[in-house]
Amino acid sequence: MMKIGVFLEHMREAGAQTGLPLEKVAIETAQMGIEFVHVNGEYWMENEARVDDLLDRAGLYVGSADNLFQFTQGRDLDKAEKLIRFLSRKGVKQLLLIPGFVHEAQSRPSAMDEAARHMKELMYLSRSLHVQCSLEDYDNRTAPFGTWQELKWYVEQIPELKISFDTGNFAYFGQDAREAYEQLKPYICMVHAKDRKAAGREGEKPLIALDGSSLYPSAVGSGEMPIRPILSDLLASGFDGGVLIEHFGSADMMADMRRSAAWLKILIG
C-alpha cells in the first residue's frame, strides 16, 4: 500500500508561516495521516540527532532523501558514496540524485554523458547497501534530466537507476504528464504528487514554464495536473512505493499539507 510522505522543508515552512514550533508542526503532520518525511541528505547528516528526535517524538520517520551533486562537472562521487553509506546505516532505501546542471561551454549531451558515467559508478555500492537511487523530472532549463526522453535515456543506460516521477514538473517543459507516465511507468519507484494551476494566491510566485505560462503551487487534487489517473493506474498495478506531497511556494503550507493528505488518503483508500 502506498504511504504518504512530505518534505521536511514543507514542515519548516509551515512553522515559519504559522508561528508554531517545529515540534508542534511535526505532531500535526502525523495526525494528518502522513507517515514519512523526505529530507535533504546533507542537512540530515549535519543535524542527525535533532532531526531524529523531532521525528521520533511525532511518530514520523525519514523515508527518502535527496541531494545535489556536481556529476555533470565530474565531481562529488565521494560525497554521494558517503551519503549512501549514511542512508544505509539509517535504514533509508530511497535516494533521489540531483546530478548537476549544464554549465557554460558545456553541451547538454556532454553533461548527460558525464552525469551518467558518475551514476553508473554508484550502482554497485547502492545495490550492495540496498539504497535505491533515482532521478526525477527536474523543472529547470539547465537540468539535463527534465524531459521524459532524457529520463528514459538515463534508465536505459543505467538499468539499476529508477524514476521518482514528479507529476507537476513535465509541464515546465510543455510535456503531458500522462504521456510521460506511460513512457516511464516501468521505472517508477516513488511519486512526487505535485499539483499546479494557472492562478495563485497573494504572496505566491509562479514558476514560468518554457512556453511562458505560469505554474503556481496547489494542494494535491486542487490543481490542473493529472494526478488522479496516474495514481489510480499505479495502484491498480500493485505499486506500493511512497507518494510524496509537494507544493513548494505555497502561501499556506499547513493548510495545503492537510488538504493534500486528505485527498490522497481518499484516493489511496
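1. Start with a bridge. Ile 208 has Ser 214, in strand S10, as its bridge partner. Strand S9 and strand S10 (residues 214-218) are antiparallel and share two bridges. Two strands count as paired if DSSP finds at least two bridges between them. Strands (E, at least two residues) and helices (H or I, at least four) are DSSP runs, numbered from the N terminus.

2. On the model itself: it is predicted, with local features needing pLDDT of at least 70 and side-chain atom pairs counting only at pLDDT 80 or more, while totals for chains, interfaces and linings use all residues. Residues are numbered from 1 along each chain as its sequence is written, and side-chain values use heavy atoms, leaving out hydrogens and water.

3. The sheet is open. Its three strands run in the order S8-S10-S9, with antiparallel pairing. S8 (195-197) and S9 (207-208) are the edge strands; each has a single partner strand, so one side of each lacks a neighbour in the sheet.

4. Now the aromatic rings. Rings of Phe, Tyr and Trp (its six-membered ring) pair if their centres lie within 6.5 Å; planes under 30 degrees apart are stacked, over 60 edge-to-face, and the rest tilted. The count is 11 aromatic pairs. In one of them, Trp 44 and Phe 86, the centres are 5.1 Å apart and the planes stand at 85°, so this pair is edge-to-face. The pair links distant parts of the chain: Trp 44 lies in helix H3 (residues 41-46) and Phe 86 in helix H5 (residues 77-90), 42 residues apart.

5. Trp 44 is buried at 2%, and Phe 86 is buried at 7%.

6. Trp 153 and Tyr 154 also form an edge-to-face pair, 5.1 Å centre to centre with 80° between the planes. Trp 153 is partly exposed at 24%. Tyr 154 is buried at 0%.

7. Helix H6 (residues 108-128) packs on helix H7 (residues 148-157) at about 40°, with the axes 10 Å apart. Axes are lines fitted to C-alpha atoms, for helices over the stretch in contact, and angles run from 0 to 180 degrees between N-to-C directions. Contact means heavy atoms within 4.5 Å. H6 contributes residues including Met 112, Ala 116 and Met 119; H7 contributes Glu 150, Trp 153, Tyr 154 and Gln 157.

Definitions and conventions:
Buried means under 20% relative accessible area, exposed over 50%, partly exposed in between (1.4 Å probe, protein chains only).
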